[in-house]
Amino acid sequence: MAHGHAHSHDDLDVGPPRQGLAATLAVVVGAISVAAIVAMVVLWPSSSQVPKAPNPLSGEGVTLLDGTVTAVKPFDCGSGGVGPDNQPTVDGDCAKVTAETDDGDATFTLDSARYQAGIDTGDEIEVLRIAPQGQPATFEFYDFQRTFPLQALAIAFAVLVVAVARWRGLFALVGIGVTLVALMQFILPALLAGKSALPVAIVGSTVIMTVVLYLAHGVSIRTTSALFGTYFGIIGTALMGALATDWASLTGIGSEDDRTLVATVPTLSMSGVVAATMVIAGLGVLNDVTVTQASAVWEMRALQPTARARELFMSAMRIGRDHIASSVYTLVFAYAGSAMTVLLLISAYSRPLGEMATTEELGQEPAGRRRATS
C-alpha cells in the first residue's frame, strides 16, 4: 500500500541534521545576546548622568489649560505687506480667538500662519496661561487636543494588524512596545549621557532585533538566518555610517531643533548622533530585506527539495536585487513625504536641488537612508 507524505514548511527545521544545526545556532545567538545584554548593562547610564533640562511648561506662573473655542474673529494684521496705495494686501489674515476653559474664558491672538492653518468654533485646544507674580494673566495658543483621535487611530491600526496577521500581528505589536522601551529607557538616555553613540546604537539595535524577530516570526532556523543577516547589516551600517559622517563632514547641526538640542545638552556629540541615527533608521529596511529573503529561500526549498545550494543562492540573489531596487525608490518617496516642507522651501527660493542637497539639513538624512539600504 502506498503512503503519501505531506511536508509542511516547518519540516525544514526538524530532523537530526536540522536539530544539530538548530542547537549550534541557538548557542551562537545566545552568546551574542548575552554579550549584547552585558554591553547594555555597562553602557546603561545612571539617572545622575542624564542631563535634565527644565520643562518650559513648568515655569512659575505657567499653566496648560484645556479649552473649547467659542469665537473666532478674523482681523487684518498686515502680514501680507502693503500695496501701491499703502494698504495691506491681505485681509483677515489673523484672528482673535476666545476659548472656554476651566478657569473661565481665555482670549488670545493667532498670527497669520497659525490662523490660516485652520481653527474653528468648537475645536478642542490647549491654551497656555502665563501669569507672572504680580502681573495680569495672558493667554497663548499651545496646540490642538489630539488624544482621542490619535488613540482611536492607534486602536484601529492594532485591530487591523491582529485581524489580518493574527498571532504574528499581535506579537509584532508587542515588538513595537519592546522597541519603544529600548529607545526611551536605554538608547536616548545613553546618548544624552555622553556615551559613545555607535556602540550604544549597535548594542540597542542588536537587542531590539533579536527580540522583535523572534516575537514576530517565531523561533526557527529561518528566523535565525534572517537574524544573522540583520546582525551583519547592523555592523555594516554602523561602519559605513561612521565613514560617511566623517567623510561628508556631517556635524548634525542642520536645523533649529539641532541647535536647540546642542544648547540644552552641550556635551552631546551631534556627529555621533548622526551616525547612530543611520543605524537606527536602517533597522526597518534590514528587517524587511533579511526576513523576506530568508522566507523566499525557505519557500523555494520547500517547492524544490532537490535544488542545489548554488541554484537557491542565485534565485535568492535575483529576488534580492529586485527587492533592493524597490527599496531604494521607496525610501526616496518616504523622505520626500517627510521633508515636504523643506522641499517646498527649495522650490520657493528657486535654488537648484543639487545645491540644496549638499546642505547639512538635507544631506544628513538622505545619507542615513541611503546607508540603510546597504
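Entry 1, Arg166. I looked up the exposure of Arg166 in this predicted model and found the residue exposed, at a relative accessible area of 63%, where exposed stands for over 50%, buried for under 20% and partly exposed for what lies in between, with a 1.4 Å probe and protein chains only. Arg166 belongs to helix H3, residues 147-192, and has a positive phi of about 60° without being a glycine. Helices here are DSSP runs of H or I with at least four residues, strands are runs of E with at least two, and both are numbered from the N terminus.

I place Ser249 in the loop between H5 and helix H6 (256-264).

I then turned to helix H4 (residues 197-217) and helix H5 (residues 221-247), which pack at an angle of about 160° with their axes 10 Å apart; the axes are lines fitted to C-alpha atoms over the stretch in contact, and angles run from 0 to 180 degrees between N-to-C directions. H4 and H5 are therefore roughly antiparallel to each other, given that angles over 145 degrees count as roughly antiparallel, under 35 as roughly parallel, 65 to 115 as roughly perpendicular and the rest as oblique. Among the residues that make the contact are Leu198, Ile202 and Met209 of H4 and Leu227, Ile234 and Ala238 of H5, contact meaning heavy atoms within 4.5 Å.

I followed strand S1 (residues 62-75), which runs antiparallel to strand S4 (residues 124-130) and is joined to S4 by 7 bridges; two strands pair if DSSP finds at least two bridges between them. Thr63 has Arg129 in S4 as its bridge partner. S4 also pairs with strand S5 (residues 138-144) in the antiparallel sense, over 6 bridges, and there Leu128 stands opposite Glu140 in S5.

I recorded 11 helices and 5 strands for the protein, and of its 374 residues 32% are buried. Among contacts with a separation of 6 or more, 63% involve residues 24 or more positions apart.

Key:
Residues numbered from 1 in each chain as written. Predicted model: local features only at pLDDT ≥ 70, side-chain atom pairs only at ≥ 80, totals over all residues. Heavy atoms only, no water.
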